[in-house]
Amino acid sequence: MQIAALATYRPTWADARGRRTLGSDEDVATLAVSAGRLLGGRLTSVQRVVLVTRRPDALLGTAPEVVLEGLGLDPSTPLVEQIGGAPATLETLLGSAEGTLVLAVDPVAPAASAAALVGPGGITLDGRAGARHSVPVRTVPLPGATDLTYDDPRLLREGGWKRVVRELAGSAEGERHLVIAGVTAADAAKIARGASGVAETEAAAPLLLLARLAGSRSPARLVAVENGHGVAVDVTVAGAVPVLAAERSAHPAPVTWAPSVAADIPASPAAYARAFEAKVGLKAGVCSCGELNYPPRAQCQSCGVLEPQRLQPLPRAATVYSVVTVRANVPGKTVPYSLAVVDVDGTGVRVLAHVTDDPPGAAPIGSPGELVLRRVATRAGVPDYGYAFQPEEQQA
Amino acid sequence: MRDVAMVGAGMIPFGELFDQSIKDMVSGAFAATLASVDKGMPVGDIQAAWFGEVQSVDGFPAGLLADTCGLLDIPVTRVENACATGNDAIRNALYAVGGGYVDVALVVGTDKVRDTSAASTFWDWMSTNRDMAWDLPLGLISPASFALHVARYMHEFGATREHLARVVVKNHRNGARNPYAHLRFEVSMEQVLNAPPVVEPFGLLDCVPQSDGAAGVLLVSRDVVDRYTDKPVWVRGVGTGMDRIMHAHKTDLSSFAATRKAAKQAFAMAGIGPQDIDVAEVHDCFSGVEMMTYEDLGFCDRGEAPRLLEKEETSIGGRIPVNPSGGLKSKGHPPGATGVAQCTELFEQLRGDAVNQVDGARWALAHNVGGPTAVSAITILEGPRG
Ligand SMILES: [Zn+2]
């Protein structure tokens, strides 16, 4: 099979060990969208979506409709949620027909997400081989729960990934470069001279490595491992492959994102459902007079007519019109946070949004940036998605 | 429309009134209002009443006023119009008296915010005036809602936090001498500027306290005014202006459109202009709101509000003293009572009885702005010499 385009995303925040970690407004759904949207106009060819992650936010998730709406895809597009790590991503790619968008998300540090669009393109994967042994050293019991790790790293290494890589590296001998998804870059370098890996070791790892391979024409053997399970393919790069990457410079994450005063923010799932398409798809109501109304409203705020308005996606580029930073404790909210009213460039539309991916208070009036899909709140235990304003990065 | 006079106005001292129920507060304000009528006011003379209350406490609001004050034989109606409730309740009563339907009307405004913990009721209050799907989850708390306006104003016109602090220092200086004020102390410029931040650009001292309180006024027609006083205060103009609810839909955050509309209505009805006002009670829920409102009321030109503060023109002794009572900032802000209590202060100012008397005041203006900056109510009063 072939890959037509790749995209990778890493969140802005870094934990105490310098590993990228999610902001308080990010989760599997927003990470999937952050990577997928980088493909831009290529998304129009998507026929089917597979979302691969070892760690869904909930076993009965809210992610599918958010991912489809956030990517601007038709909500009837097939979307399959696949639980698994690096091998699952590789198997998904190999089993996908042209027009499939594979989204792989690693929400735990080091966090990343990536997207691959299956279709005629410069990267070819073939020569699949697999291996499977029962070495359940690292397991993830339930969404949100702490990982269980059997206290024997030697067992994981010797009985797990080393054995799997040895069995599957086969054709890497000779001119093929060995790349390993599912172990750290440091571990990968130890197993064979010249082998490489990435810090991210779960579902996104194979795509992060393919994005790296796309830049070179040397053939490679990619092995994806998890515990005692592995899948391998030969990677041949024959032509230019678009690789779109979003990675802002790191900001230290706060010690905790938890609100200092606990409280439940009231929710109305019925109200959320009515607002969903406009709120998660960033769509304005279009009046017959041409005015864009956002949030959509019954009466056009320009010409005053009362008639149904169709929804139309808004551009994402925006500029801060006014901004303030909340520093007092707000029950149920993580403080400080900045709230901005932004002008969506060239539309006459304004959006009230949190400022994200930037230290609160850092983006003054006039700052350019873009609107990005985020989980703006969790209310009564239900995630609530909408748009946040991400200021353009300051040039150092 | 018939001329309408204010013949009585009273209030209870605002504060954290843990020892009083809302019924105690309402009956206290009612008694004070009756007692303020020079020649007395039999309860049986009152023909209709309006009750301003934003958040219901202890149940059914209109019934609470009727039952507590023995007004069981007249119509009683609750008015809720966010922080503009007080002056809007007065407008409702004015229409009834001016329109000839009743000769004597009572307005009582109150709110009790300290019967529940701040954290437990925080989102209940937020839910009363935020869009459930769009704005509520963003945590657009009240100071942030106003600060988005003030930050834009400061950006456009070069106002500073020092200008905002001048409002606070002035209002606390006035409130420190007002026995009805919640926060009866003066503050220094340094204290205001160094207070912990709440929502930048507001620090803790730029924000109103959480106060309980109640106030009342009595409006009567010209036909019967002589029965009650020889020094009536005339209600010459009222206005209630609206704006878009969502900040995303507002056109200009450097101004309060609702205030401009309310002022236009009230001045047109009174047949005067802003230059005629001698004293004003202005909604200073947050320091910068008072500053910006100088322009929306027409007390100065666009962009000149910081100059007014620098020249102390809104201090007592200045060209147009604002908030001689101490304002919401020092006197307190129980939303339903606030506008009514502003008129209590102005009733005294126009009759020459105020604690911080503005000499020779003839025309006075009371102003509220509230909700997500989407409603304003204004009352214009003229003193007895009119
Ligand atoms: Zn229109």
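Tutor: Buried area is the accessible area that two parts lose on being put together, summed over both. The model before us is predicted, and in it chain B and chain A bury about 3,200 Å² between them.

Student: What share of the area buried between chain B and chain A is on carbon and sulfur atoms?

Tutor: The share on carbon and sulfur atoms is 66%. In chain B, the residues that lose the most area to chain A are B:W123, B:W134 and B:L138, which together make up 23% of what that side buries.

Student: How many residues of each chain are in contact?

Tutor: On the chain B side there are 35 residues, and they touch 43 residues of chain A.

Student: How many salt bridges and polar contacts are counted between chain B and chain A?

Tutor: One salt bridge is counted between the two chains. A:R327 forms it with B:E200, and the closest N and O atoms are 2.3 Å apart.

Student: Which elements of chain B supply the side that touches chain A?

Tutor: At least two residues each come from α4 (118-128), α5 (142-157) and β5 (197-200) of chain B. Of the elements, α5(B) gives the most, with seven residues. By residue class, this side of chain B divides into 21 nonpolar, seven polar and seven charged.

Student: In which sense do β20 of chain A and β5(B) pair?

Tutor: Strand β20 (residues 317-326) of chain A pairs with β5(B) in the antiparallel sense, over two bridges. B:E200, the salt-bridge partner of A:R327, is also the bridge partner of A:T325. The peptide bond from B:E200 to B:P201 is cis, with omega near 15°. B:P201 itself lies in the loop between β5 and β6 (202-203) of chain B.

Student: Where is the other cis peptide bond that ends at A:P110?

Tutor: That bond runs from A:A109 to A:P110, with omega near -5°. A:P110 is in the loop between β6 (100-106) and β7 (112-118) of chain A.

Student: What describes a pair of aromatic rings?

Tutor: The distance of the centres and the angle of the planes describe such a pair. Seven aromatic pairs are counted over all chains. One of them, A:W13 with A:W257, is edge-to-face, at 5.3 Å centre to centre and 80° between the planes. This pair links distant parts of the chain, 244 residues apart: A:W13 is in strand β2 (residues 13-14) of chain A, and A:W257 is in the loop between β16 (251-252) and α7 (269-281).

Student: What is the phi of A:N227?

Tutor: A:N227 has a positive phi of about 50°, although it is not a glycine. A:N227 is placed in the loop between β13 (220-226) and β14 (229-237) of chain A.

Conventions:
Residues numbered from 1 in each chain as written. Chains lettered and ligands numbered in written order. Predicted model: local features only at pLDDT ≥ 70, side-chain atom pairs only at ≥ 80, totals over all residues. Heavy atoms only, no water. Contact = heavy atoms within 4.5 Å. Buried area = accessible area lost by both parts, 1.4 Å probe. Salt bridge = Lys/Arg side-chain N within 4 Å of Asp/Glu carboxyl O. Helix = DSSP H or I, 4+ residues; strand = E, 2+ residues; numbered from the N terminus. Nonpolar A, V, L, I, M, F, W, Y, C, P; charged D, E, K, R; others polar. Pairing = 2+ DSSP bridges. Phe/Tyr/Trp six-rings, centres within 6.5 Å; stacked < 30°, edge-to-face > 60°.
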